[in-house]
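Have a look at it first, and then we'll go through some of its details together.

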2 protein chains.
Amino acid sequence: MRRSSILLALVVAAVPALAGADDLANRAREVFRAIPFLPPTLERNPLTHEKVELGRMLYFDPRLSASGLISCNTCHNLGTGGVDLQQTSVGHGWQRGPRNAPTVLNAVFNIAQFWDGRAGDLAQQAKGPVQASVEMNSTPERTLEVLGSMAEYRARFGRAFPGEAEPLTFDNVAKAVEAFEATLITPDAPFDRYLLGDEEALSAGERKGLDAFVDQGCGGCHGGVNLGGEGYYPFGVLERPADAILPPGDKGRYGVTNTAEDQYVFKAPTLRNIELTPPYFHSGSIWSLPEAVEIMASAQLGIELGEAELARVVEFLLTLTGRQPRVELPLLPPNSASTPRPRL
Amino acid sequence: MRRSSILLALVVAAVPALAGADDLANRAREVFRAIPFLPPTLERNPLTHEKVELGRMLYFDPRLSASGLISCNTCHNLGTGGVDLQQTSVGHGWQRGPRNAPTVLNAVFNIAQFWDGRAGDLAQQAKGPVQASVEMNSTPERTLEVLGSMAEYRARFGRAFPGEAEPLTFDNVAKAVEAFEATLITPDAPFDRYLLGDEEALSAGERKGLDAFVDQGCGGCHGGVNLGGEGYYPFGVLERPADAILPPGDKGRYGVTNTAEDQYVFKAPTLRNIELTPPYFHSGSIWSLPEAVEIMASAQLGIELGEAELARVVEFLLTLTGRQPRVELPLLPPNSASTPRPRL
């Protein structure tokens, strides 16, 4: 505990340069930050044990979907990097959704959620898939009917939201899920250890990859604690990728802002745990990480990476795999006589 | 540990009567046995830590299905009593399977697996859903291609099946899953504590329910450690239930043996954790436990239970909910470049 706190303090302090550290490490510290060892503080939604535990149950409860078959964990599987390893997610009625599922891991550090940033935080995000007809296809009313039918859930909402006249609300469902998700962070990747002062945490090759990553300007969009997730950028600034990669029908953030300049603009995704989360891009069209890097280089930077440089950048990206959260599968309350039946 | 071993010894010894115990408890001990605190020994498949851990990974890995969406845990969810709370299971392409998913909990104690007993053990069982077109819709070849594409799985098969020239085989996939499933037992239910000598573990009402259960002959089919799972019986011996409950098209064990007398014969399901596993019967047509008990009474025993007696039997059945296994969600190996893509 003491160690975590000290390291956390170091991160929060965000010391831009360490005396005696090599130049690359100091340059890296100007662009990136290590993942803290403890979940962040959510101002509107303080984490409590009761709330996080409730959120863990909700996250794994397939009864949040109309069919009773799909839980948050279906598309954001904590056993596989917080994603579903699908091109685009598959939901209610075996329908394919429009975009690749972003990882839930470290999502709490993103400025907003979804590829187009249409949800300001994880609580707002959590309300989306529950109701989307191609995802869980439920409604707030049904969700409350389902959860309210089980005495254990009613009691747990009471304990997670003490003092509230009616603790079982759709807002509180979302807040509990957000609280659990805020704990899903992956500190202690080799790159974090490097940022925190252990220069041996990256090999010579990985450091060269980091050097190229910084030099070529990748960190311009993929910076900060998440190496991404901090801003919106047009996809295809310098060279428009193939339609399969950037489908003309999905105009990204334009759908949220209705502003011409937001056409084909997306939130830069996090590169944290990128090794675990193929396929890549909002279209999920690219399964190979080297290929995804090549496409980014040409589309966003207008450059072609040499074979060796590409390999080194990929080598660096593999140092972003952090310590995965170990989560016990929650034991869910049994149906009661009034629990709504699954609806396929 | 010492406590478990002593209790286990007690169970294995299966003392038919305890001196000083009341008559009901001794009668119960003639029909039922407590769930042991430790998994049983599998003669053909000794449990090892490596094998159980590998099995846990396979159990939760959706890449065992062609779509990459369905794992063992999808239909045998360890958060919901080892079942999916569906009338009949839903698999590949959102297709409904023909029968209700039996619980994986304590399944190791059944004489055979599936409602018709067509698999002699859990390893044989595990091979079924992986290949069934309405379930995971994969093949042994694809399974080995998927698992063989990941270095961590290859290494783990080597450690789980040491000394074998080719440890990664479909048989060993099934054996690892069986080993994990053998650990999914639920000891320490109130009824187990009662059988083991704690007469206060059941309330007066629950004991009356047990009395009725034994007196009416329910234990004839629902006896042993699992209160069921030990034999095959015709459904509708004395009164044929409605077609919705016993669909004419599903002739049960007849499909396995082709013997006329096996028409509408099914393995008596376990009543362990029955509270957690609605809906009931192979058809999954009944969601209410009291209603299921009434149907059994009329169909199998030709009797009508009075309201009070029915309530007491149900009360007794609720004492069969044991300590649920606490399972950590496994962290699965990342896809490699050669991992087959999901196939919807």
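Let's start inside chain B. Leaving out residues up to four places away in sequence, L58(B) touches L64(B), C72(B), L147(B), Y153(B), F157(B), V173(B), A176(B) and V177(B), where contact means heavy atoms within 4.5 Å. L58(B) also turns up among the residues that touch the most other members of the largest nonpolar core, together with L58(A), L78(A) and L78(B). That core has 76 residues. A nonpolar core here is a set of buried Ala, Val, Leu, Ile, Met, Phe, Trp, Tyr and Cys residues joined through side-chain atoms within 4.5 Å. Buried means under 20% relative accessible area, exposed means over 50%, and partly exposed is in between (1.4 Å probe, protein chains only).

A word on ground rules: this is a predicted model, local features need pLDDT of at least 70, side-chain atom pairs count only at pLDDT 80 or more, and totals for chains, interfaces and linings use all residues. Residues are numbered from 1 along each chain as its sequence is written, chains are lettered from A and ligands numbered from 1 in the order in which they are written, and side-chain values use heavy atoms, with hydrogens and water left out.

**How the two chains relate**

**Helices**

Helices (H or I, at least four residues) and strands (E, at least two) are DSSP runs, numbered from the N terminus. In chain B, helix α10 (residues 204-215) packs against helix α13 (residues 307-317) at an angle of about 105°, and their axes are 7 Å apart. So α10(B) is roughly perpendicular to α13(B), a label for angles of 65 to 115 degrees (under 35 is roughly parallel, over 145 roughly antiparallel, and the rest oblique). The axes are lines fitted to C-alpha atoms, for helices over the stretch in contact, and angles run from 0 to 180 degrees between N-to-C directions.

On the α10(B) side, the contact includes L210(B) and F213(B), and on the α13(B) side it includes V313(B) and F316(B). By type, the residues of this contact divide into 6 nonpolar, 2 polar and 5 charged. Ala, Val, Leu, Ile, Met, Phe, Trp, Tyr, Cys and Pro count as nonpolar, Asp, Glu, Lys and Arg as charged, and the others, Gly among them, as polar.

Over in chain A, helix α2 (residues 23-31) has L24(A), A25(A), N26(A), A28(A) and R29(A) as its buried residues. What covers them includes α9 (190-195) and α10 (204-215) of chain A.

Most residues other than glycine have a negative phi, and most peptide bonds are trans.

| Cis peptide bond | Omega |
|---|---|
| P278(A) to P279(A) | near -10° |
| P278(B) to P279(B) | about -5° |

P279(A) sits in the loop between β4 (265-267) and α12 (289-301) of chain A, and P279(B) is in the loop between β4 (265-267) and α12 (289-301) of chain B.

Then there's phi. N258(A) isn't a glycine, yet its phi is positive, about 60°. N258(A) is found in the loop between α11 (254-257) and β4 of chain A and is exposed, at 60% relative accessibility. N273(B), also not a glycine, has a positive phi near 60°. Is N273(B) buried or exposed? With a relative accessible area of 1%, N273(B) is buried; its place is the loop between β4 and α12 of chain B.

**One more loop**

E135(A) lies between α5 (122-131) and α6 (140-148) of chain A, in the loop. E135(A) is partly exposed, at 27% relative accessible area. Its contacts, not counting residues up to four places away in sequence, are I70(A), G91(A), H92(A) and P129(A). The C-alpha atoms of E135(A) and V90(A) are separated by 7.1 Å, though the two are 45 residues apart along the chain.
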